[in-house]
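These exercises are for a reader who is new to the structure shown below. Each one sets a task and then works through the solution step by step.

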Amino acid sequence: MSKNVKGRGLWWKLLLIPVFIGLAVMIYLDIIIRSTFDENKWAVPSTVYARPLELYEGAALTVADLKTELGLLGYKFVARPTKPGQANIRGNQVHIYTPGFQFSDGLEPPRNISLLLNDGMVAKLDTDDGAGLLRLEPVVIGGIYPAHNEDRLLVQLSEVPTSLQAMLVAVEDDSFYEHFGISVRGIGRALVANIKQGGISQGASTLTQQLVKNYYLSSERTFSRKAKEALMAILLEFHFSKDKILEGYINEIYLGQDGPRAIHGFGLASQYYFKTPLADLPIDKQALLVALVRGASYYNPWRNPERALKRRDLVLDIAVREGRLDSELAATAKAKPLGMGEQTASSTKRFPAYLDLVRRQLQRDYKVEDLSENGLSIFTHFDPLVQSSAESSLTKSIARHKRNGLSAKLEGAVVITRPNTGAVIAIVGGANARYAGFNRAIDAKRQVGSLIKPAVYLTALEQPEKYNLSTLISDDEYNLNLPNGDIWSPKNYDKKDHGEVLLYKALAKSYNQATARLGNEIGLDKVINTIHGLGVEQRIAALPSVTLGAVDMTPLTVAQMYQTLSADGFYTPLLAINAVVDPKGNVLKRYPLAVDKRFDAGSVYMLRHAMQAVTHEGSGRALEWLLPNFEVAGKTGTTNDLRDSWFAGFSGDMMAVVWMGRDDNVTTGLTGSSGALRVWADIFRQRSALPIQNLPPQNITVGWVDSDTGQGSQGSCLNSIPLPFMSGYEPEIELRCNQGVKRVIEWFRDLVE
């Protein structure tokens, strides 16, 4: 008797073990659901925005540029704008219905606006609220995605059309509002089918189970996974309302692939396929999105339009059959064609080079997971119109050189900034601007050649007691004995000696012998200090060849150096980012202008005068006809055997660096003038509106010198030229001429004009 009692007790204990295990599993799953589903359900990528386009009377803007901007923003061009995101352009008359936007510094409300564009500017602006200044919403440059590359645009159930909700429930789970997470009838039907097949061939997933599978589980077809899915579905229904579950499903479901980016949720799918907010989507297009739930790739409307159309119509028929959609509305929707526009360009491939810079600058202040999971809004200085010009100019130039027999492997890079602010407004990372691979603008280290020469001459001009623009320096043969016994003998590009030349001419004409002699006489340590002062942070070896640019730098590094020259000697670190904002609109971080005075304004002014001479009488004189009557300053750069073609320079409102070459460092046959300069000039012709402003600082005076000897002269002398000098170091007048005052009057008139 006692043995039987003990035996029954043991069996009860053994039976309790799986009960306790099951209870523990249920508690564990319950904790997971309660702790993850309600708060922070999804890893939402950060969105990176361009600068907003400002509209006001007098703003520089062409019809073509505005159309480009509106196209990038996804506006629909219609006969009469009646909804946000619509526009009409008729001649120079423009009507736009803006959707409004939450910027880092405030809300821009939706507006109905009309513009009159004349002569490349906004001649008249009318808005329905009387605003005289407004901003269009910024173009999305791209996103910073989590490791699984999922992207979604979260929507609340109130933003989802009830007709879409009805069709979704009718097709995917007609008893959704009656069951408690699982469908007993569906399970029975699937069980019979699976027994016949000898495995799991058919599922019985409710919407709740699909949500659990997509959000928590894998897609493996096993009984244990299905059991876990069913239990979690019941727990989810126990804790959350039907509306909350349906909202979760609508935001979670996979609906397409945009390159490496996975499109999740109906909110983003509506924008991706139709460039329309979900709330504004007509029923026929709502039905197409519901059709994609069963297989976004299989029913892809761009690749398989007939298959997608058939599935769309079936969705409408099922919704009518289940009593969830009016038959007349369904018939009207079925009568409409698929109506797909051009496939949306992958947002991950839109502007990869600039997005690369944004990522790198953000990683100084944020963890990778913060950027890829917290749904931040990142506002940048990116200008899509300038970017468009930079891309087209480089692409056209490379294509032209290839047609003329130059290397098929020719590449290039462009970096463009705003003087005085350091704002990076455009970057091109290669001949294929959409390629998200090697970013030559940031990572290609190439010899800079003569681009380094302004640093040599600035070092000299910082010593006004010894050097000025009229100082004579020798451009005869130069031989320097090196510590190892070798002799360094640089030669000019034209293989000629030019004797004694004025300092400014040596830079303008890019004479190697004069520059090497000057730099090594001043001291390599001082020249390198100047290079660092201009913003170059990398280590530079104190070799004599540094004076001629035997230094490897990236285009971005060169841009930092020339940025300081364009800003009158004030160092401003190059910045892509303006502000970072969290999903609630709170500004997490601003990136304000930081300025550090590195050089005397007078010294930089004199150097800039010499760099302007580059464009008039030196290696960049092609700019006289490429940019007629438009003052700029810059420097060409050509490396040994024509491997690298450079041009760096600036106007009053833009600074740009252009590089052209080959990745394998083979000769291109291009000089700085025949290659990069032409691209640079084409960009500035399209996008720069302000020439260099020749306003000398207080410590600068103008003196006349003989253009051959550098001796102080009178303005009336035939061979005299005006040059800027540091006050107190002007040359004494040694040459006097009495050829009338006419020439002096003409010079003053030209100076004033």
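**Exercise 1. Describe how helices α3 and α10 are oriented to each other.**

Solution. Helices α3 and α10 are roughly perpendicular to each other; angles under 35 degrees count as roughly parallel, over 145 as roughly antiparallel, 65 to 115 as roughly perpendicular and the rest as oblique. Helices (H or I, at least four residues) and strands (E, at least two) are DSSP runs, numbered from the N terminus.

Step 1. Two packed helices are described by the angle between their axes and the distance between the axes. For α3 (residues 162-172) and α10 (residues 305-321), the axes cross at roughly 90° and come within 9 Å. Axes are lines fitted to C-alpha atoms, for helices over the stretch in contact, and angles run from 0 to 180 degrees between N-to-C directions.

Step 2. On the α3 side, the contact (heavy atoms within 4.5 Å) is made by Met-167, Ala-170, Val-171 and Glu-172. On the α10 side stand Arg-311, Val-315, Leu-316, Ile-318 and Ala-319.

Step 3. Sorted by class, this contact has seven nonpolar, no polar and two charged residues. Ala, Val, Leu, Ile, Met, Phe, Trp, Tyr, Cys and Pro count as nonpolar, Asp, Glu, Lys and Arg as charged, and the others, Gly among them, as polar.

A note on the basis of these values: this is a predicted model, in which local features need pLDDT of at least 70 and side-chain atom pairs count only at pLDDT 80 or more, while totals for chains, interfaces and linings use all residues. Residues are numbered from 1 along each chain as its sequence is written, and side-chain values use heavy atoms, with hydrogens and water left out.

**Exercise 2. State how many helices and strands there are in the protein, and what share of its residues is buried.**

Solution. Step 1. The protein has 24 helices and 34 strands.

Step 2. Of its 753 residues, 53% are buried. Buried means under 20% relative accessible area, exposed over 50%, partly exposed in between (1.4 Å probe, protein chains only).

Step 3. Taking contacts between residues at least 6 apart in sequence, 68% join residues at least 24 apart.

**Exercise 3. Find the disulfide and place its two cysteines in the chain.**

Solution. Step 1. Searching the whole structure gives one disulfide, that is, a pair of cysteine sulfur atoms within 2.5 Å.

Step 2. Cys-717 and Cys-737 are the residues joined, with 1.9 Å from S to S. Cys-717 lies in the loop between β32 (712-713) and β33 (720-726), and Cys-737 in the loop between β34 (733-735) and α24 (742-752). The two are 20 residues apart.

Step 3. The link is right-handed, with 100° about the S-S bond. Cys-717 counts as buried because its relative accessibility is 5%.

**Exercise 4. Which strands does β15 pair with, and in which sense?**

Solution. Step 1. Strands β1 (residues 46-49) and β15 run parallel and are joined by three bridges. Two strands pair if DSSP finds at least two bridges between them. Val-48 has Ile-378 as its bridge partner in β15.

Step 2. Strand β25 (residues 577-581) runs antiparallel to β15, with four bridges. Here the partner of Ile-378 is Val-580.

Step 3. In a regular strand the side chains alternate between the two faces of the sheet. In β15 (residues 377-380), Ser-377 and Phe-379 lie on one side, Ile-378 and Thr-380 on the other, and all are buried.

**Exercise 5. Work out the strand order of the open sheet that contains β12, β13 and β14.**

Solution. Step 1. The order is β12-β14-β13, with mixed pairing.

Step 2. β12 (150-152) and β13 (254-258) each have a single partner strand, so one side of each is left without a neighbour in the sheet. From one strand to the next the twist averages 35°.

Step 3. β12 pairs with β14 (residues 261-264) in the parallel sense over three bridges. Asp-151 is opposite Ile-263 of β14.

**Exercise 6. Is Asp-443 buried or partly exposed?**

Solution. Step 1. Asp-443 belongs to helix α15 (residues 440-443). Its relative accessibility is 31%, so Asp-443 counts as partly exposed.

Step 2. Apart from neighbours within four places in sequence, Asp-443 contacts Asp-356, Arg-360, Phe-438 and Thr-554.
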